[in-house]
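I opened the model to look up a few points on its chain. My notes follow.

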Amino acid sequence: MSSNMHVERICRFCNSKFIARTTKTQYCSHNCSRKAYKYVARQEKIEIAKVEATITGKIRTKVNFPELAGKELLTIMEASALLNITHLTLRRWIKEKRIVSSRIGKKHLIKRQHLDALIQ
Ligand SMILES: [Zn+2]
């Protein structure tokens, strides 16, 4: 959509002035457009990784459990994150029958009351 328009714009990536030929142009060059696209894609990936790490308990210090608060049944990952132990420790406790879990298929589910019973 090239036209005879000449609009002075500031590139959203490198902040340099350039002459835009359409009303929708945001970047001064293909290079800036490409780099901006990659930057956004990378930020999205980082966000997704952070959310996944929070759910699986890999970042335990940053876990804030608003969605776990109302859950009665917890997975191994959620329960181990709540107890601040690794999933391996929790699996060992289950094996040693220190904690009660129900196994449905391959999945262990732990009732919250059993976690609460661990901590008097
Ligand atoms: Zn630029």
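I began at Lys97, which I found in the loop between helix 3 (87-95) and strand 4 (102-104). The scale calls a residue buried if 20 or more other C-beta atoms lie within 10 Å of its own, exposed if 12 or fewer, and partly exposed in between, with C-beta atoms placed from the backbone.

Before going on, I noted the ground rules. Residues are numbered from 1 along each chain as its sequence is written. The model is predicted, local features need pLDDT of at least 70, side-chain atom pairs count only at pLDDT 80 or more, and totals for chains, interfaces and linings use all residues.

I next went to Asn15, whose phi is near 60 degrees, again a positive value in a residue other than glycine. Asn15 sits in the loop between strand 1 (7-10) and strand 2 (17-20). With 9 other C-beta atoms within 10 Å, Asn15 is exposed.

I then listed the elements of the whole chain. I read four helices and five strands, in the order β-β-α-β-α-α-β-β-α from the N terminus. The radius of gyration is 25 Å, well over the 14 Å of the globule rule for 120 residues, so the chain is more spread out than a compact globule. That radius is taken over C-alpha atoms, and the rule is 2.2 Å times the number of residues to the power 0.38. The C-alpha atoms fill a box of roughly 75 × 30 × 25 Å along the principal axes.

I looked up the domains, whose bounds come from an automatic or database assignment. Domain 1 covers 7-56 and domain 2 covers 73-118. Their centres, taken over C-alpha atoms, are 43 Å apart.

Which residues make up the largest nonpolar core? I wrote down six: Leu74, Ile76, Ala79, Leu90, Ile99 and Ile110. Such a core is a set of buried Ala, Val, Leu, Ile, Met, Phe, Trp, Tyr and Cys residues joined through C-beta atoms within 7 Å. Of the 120 residues of the chain, 11% count as buried.

Last, I followed Ile76 and, leaving out residues up to four places away in sequence, found that Ile76 touches His87, Leu90, Arg91 and His108. Contact means C-beta atoms, placed from the backbone, within 7 Å.

Terms used. Helices (H or I, at least four residues) and strands (E, at least two) are DSSP runs, numbered from the N terminus. Two residues are in contact if their C-beta atoms, placed from the backbone, lie within 7 Å.
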